[in-house]
Amino acid sequence: MVHEPERPSASGGTQPEEADRLRELLRSPAYRKALLFSALLGVPVSLAAFWFLAGLHELEHQLWDELPAHLGWATPPWWWPLPLLALAGLSVGLVVRHLKGAGGHVPAGGLHAPGTAPAALPGVVLAALASLPLGATLGPEAPLIALGGGLALLFAHLARAPVTARSGALLGAAGAAAALPAIFGNPLVGAVILIEVAGVGGPQLFAVMLPALLSSGIGSLVFTGFGRWTGLSTGNLSLHLGVPSPRLDAGDVVWAVLMAVGIAVALHFVLDAGRRAAAFIARRPVLHTAVCALAAGGCAAVYALTTDRSPADVASSGEATLERLAEDPHAWGVGALVAVLLCKAVAYALCLGSLRGGPIFPSLFLGAALGVLLAPLPGLGIVPGMAAGMAAAAAATLRLPVSSVVLVVLLLGGAGMTPVAILAAVASFVTVQLLPAGHAVPTPGEPAGPSAARAPERSQDRARRS
């Protein structure tokens, strides 16, 4: 085994060369200036992200709650998504064709590392405003990453600070990290997502991380089980929450793994359908974007007609619907759950390839809804089912297993479901990596065509090389 050469340290001993490099970096005046500038960036970027999200939320509220109420409907009628999403598709198509940056990256390509040029920010903002409030089955996280990273570079240019490739990447990540807590409500989630999206360690990072993550989950199950069976304590460092958490058993663990594999396979085909939609749209951006968006609205209309529920359950990011599902899962019958899973999955695929937004929240809802649907299975509870479903869906969609676990644990407000979330995320991540490659996401303006490369990995690899 070859060891890294060691050299004397400042303290008189020896230590790896990498530690000395880190010390030299921290002592560098340029790096300390970058840290200070990143801290200063947090204020304006987070304010911009706040008002951006507040504007999206208010516009969505006006279009889906206030306007139908003024017209005499308690909830939007079944046909309500059709004109809104047709308008969204037409608007986004025009942004893609005429504005620099094509309104941001295509969501079917997964999350991208921050690096949006300031000149592309108007297109990103307009495409998000045209997509999300009008009913796109997407979330706001991707536009937030682009907005935060682009604003950071813009402020650096305005301050006439020298921006190199390395400092630009650092400032872009800092700006995106300042923007993401506005949607996740926790700075830890945004930081972990950016670490995995940037993929500094490349494939080696995942090769080391997955066994550690899996062993951590299994170890947590073993310690929990032995502590319960023997009555002994190991004196672990933990916080005791004031809310009850269901106890996990063998049935929860087995079903979590099986669910994760099934969810990974299903979402693999959903994402591949989104990439196919993107290839279809690349041929004629304006017309085909409008067609796909209108078809997504049709999915919401079909759901409303068949279930007599609001079409907003399908034509939305799923964030508010997920909250209602978690608060009262028994209010959803089997038919409603099956209908929302099918209709939202199709609308999700169409929006992934046509409109602009992020892939996280719809996938979380789909995973949670499937967990509630399968909860009557012997040995599976509602909360473990939702935890495993959300973790598996997020890992299959984002290809970011650690971020998926952290997000689900924080969403559930406790660590009780962490073991099943870890097992589900790892099983889902490994499954999608072993499945056959799908279509690649075409760059807007370039010819479309099938490719054997995995689109999310290709986009992240480009970011890592830069």
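This short talk covers the cavities, the aromatic pairs and the charges over rings in this structure. Keep in mind that the model is predicted.

Rolling a probe the size of a water molecule over the atoms shows where empty space is left. Searching the whole structure turns up two cavities of 30 Å³ or more. What lines it? Gly103, Gly104 and His105, then Val124, then Ala142, Pro143 and Ala146, and finally Arg356 and Gly357. Helix H5, residues 141-158, gives the most to this lining, with three residues. By class, four lining residues are nonpolar, four are polar and one is charged.

Now the aromatic rings. A pair is described by the distance of the centres and the angle of the planes. There are five aromatic pairs in the structure. One of them joins Phe50 and Trp51. Their centres are 5.2 Å apart, with 80° between the planes, and the pair is edge-to-face. Phe50 is partly exposed, at 47% relative accessible area. Trp51 reaches 61% and counts as exposed.

Next, Trp79 and Trp80. Their ring centres lie 5.6 Å apart and the planes meet at 45°, so this pair is tilted. Buried or exposed, what is Trp80? Trp80 is buried, because its relative accessible area is 6%, and buried means under 20%. Trp79 is partly exposed, at 33%.

Last, charges over rings. Arg309 has its charged end over the ring of Trp332, 3.9 Å from the ring centre. Lys344 places its charged end over the ring of Phe365, and here the distance to the centre is 5.4 Å.

Methods:
Residues numbered from 1 in each chain as written. Predicted model: local features only at pLDDT ≥ 70, side-chain atom pairs only at ≥ 80, totals over all residues. Heavy atoms only, no water. 1 Å grid on protein atoms, 1.4 Å probe; cavity = no way out; pocket = protein on both sides within 12 Å on 5 of 7 lines; lining within 4 Å. Points joined across faces, edges and corners; volume = space filled by probe spheres on them. Helix = DSSP H or I, 4+ residues; strand = E, 2+ residues; numbered from the N terminus. Nonpolar A, V, L, I, M, F, W, Y, C, P; charged D, E, K, R; others polar. Phe/Tyr/Trp six-rings, centres within 6.5 Å; stacked < 30°, edge-to-face > 60°. Buried < 20%, exposed > 50% of the residue type's maximum accessible area, 1.4 Å probe, protein only. Lys NZ or Arg CZ within 6 Å of the ring centre and 35° of its normal.
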